[in-house]
Amino acid sequence: MTDAPVKDMKDIVALCKRRGFIFQASEIYGGINGFWDYGPLGTELKNNLRDAWWRDMVLCPPIGPDGQPVEIVGLDSAIIQNPQVWVASGHVGGFSDPMVDCKETKKRYRADHLNVIKASDAQWVAVNEGNEQEEVEKRFKKLNIKYDASYATVSLVDVDLKDYSKIIGPDAKEAGSLTEPKAFNLLFETKIGAVASEDSTAYLRGETAQGIFINYKNILDSARVKVPFGIAQVGKAFRNEVNPRNFIFRSREFEQMEMEWFCPPEDAPQWFEFWKEERRKWWKSVGLSDNDVIFREHDADELVFYSKGTFDIEYRFPFTAPGYGELEGIAYRGNYDLTQHQEHSGTKMEYIDPMDNKNRYIPHVIEPAAGLTRGVLAILCEAYTVDPSRPSGVYMNFTPAMAPKKAAILPLTAKGEHPEIATKLYLELRQHFAIDLDIKQNIGKRYARQDEIGTPYCFTIDDETVENGTVTVRERNTMAQERIHLDKVLAFLQEKING
Ligand code: GAP
């Protein structure tokens, strides 16, 4: 058996543009770093992933560990909230700069306050921005590296991440100990009202989660839910990332799918295990190969101070391989968020057990927080399949549920009865599925396009259709063709797509 051909990000990005999945935002004006537009097929794919999550979390959530269905309700909160929300959550105030950690010394630095001095191509030394020449010389001496004042100096924020392995941290002995910069207050500011003043500052939400916490009480009081229960939300989040990169992997505007699971403190460990397993199974159900998905437990020094444990579900993206990149974090947040909002807003967040009035507590929270747009990228990377045996050289192996178009109707010729029959079939099928009707161009080119957009089935209308009412079905992965009767096309698709 030969190894599967390596997937090249350049090719995946090119296909996304060529076929209308994803475009650079503001491309005609030279683009804008960290922002992306989803084209016709990218929008369908993203909606498919979002809808699958909503169905599996809100409409048809899993059966809980006690054999009973769990209860999760939906929410769509405002992107802009009272700025106090972000003060309470810790996004504003506490941490607000791009920081790097040193894995060797465990020290943390502001990335924009570090300079990197390039002693040679392979030996770069980070020093604090304010260091006098004398201190710098001392530092070089300690490291046993020759110092020359003419060495090039750049700010750490201007160093490409791939070169981080060459950098010796400001207090470290070895190179490669600095983590990538992570900005804590990444919130985009905006002004509310016609007259901009300091008081009118508000923020675009940095995560969908806070909208859930601030509505916990409303939902508890209105939706007839009892702890344990969950609140789910899908939507845009905005972070002024220091280093947006890897196509849509790290963007400044992206979408999240978050669920906050509120439970009694003593049950939290069990629910944590439950959601970890459920979420891992879910990513498999949308088409990611088990071989490319792993769990990674956060080390104690990676945890935010209130977290009692976090697991990431990671995917082997072509640009991280052989390593992995985060798709979803599953965090045990204790009662930190509700307590913070209780303190800052003055609204009581206590839950009163309906069976026992004396049992009052602030629920603990398990949070499966997934990236929708990052999930789209994982699905695109997974589906991208190199196949030199077909004219397109590649096809997108989407699961039927994720495929932007479930089937294409292709009349062999653009005139006469073929397009007429094709249009009639299209009008019938589109009541049930996302269908593409593609009339022009030679049939080989049309098959190639459908392969590249990952359409599982193509139905071709030809002279035989006119004669005996049968059409050719071409299956995307095998390219095998068979003939079925026009009357059977809908049932065929229903069986193949819906299962
Ligand atoms: N409420 C918790 C929270 O927001 P997070 O790990 O910061 O946690 C959750 O974000 C998920 O959102 C990540 O696992 C990732 O998939 C996605 N995400 C975070 N930042 C992103 C960015 N800049 N671009 C694209 N997706 C991002």
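Author: What follows covers the domain layout and one interface.

Author: This is a predicted model; local features need pLDDT of at least 70, side-chain atom pairs count only at pLDDT 80 or more, and totals for chains, interfaces and linings use all residues. Residues are numbered from 1 along each chain as its sequence is written, and side-chain values use heavy atoms, with hydrogens and water left out.

Reader: Which residues make up domain 1 in the domain assignment?
Author: The bounds come from an automatic or database domain assignment. Domain 2 is 96-184 and domain 3 is 393-498. Domain 1 takes 9-94 + 190-382.

Reader: How much area do domain 1 and domain 3 bury between them?
Author: Their C-alpha centres lie 37 Å apart. In contact (heavy atoms within 4.5 Å) are 14 residues of domain 1 and 14 residues of domain 3. Buried area is the accessible area (1.4 Å probe) that two parts lose on being put together, summed over both. Carbon and sulfur atoms carry 69% of the total, which is about 1200 Å².

Reader: How far apart are the closest N and O atoms in the salt bridge of E452 with R19?
Author: A salt bridge needs a side-chain nitrogen of Lys or Arg within 4 Å of a carboxyl oxygen of Asp or Glu. The rule finds 2 salt bridges across the interface of domain 1 and domain 3. For E452 and R19, the closest N and O atoms are separated by 2.7 Å.
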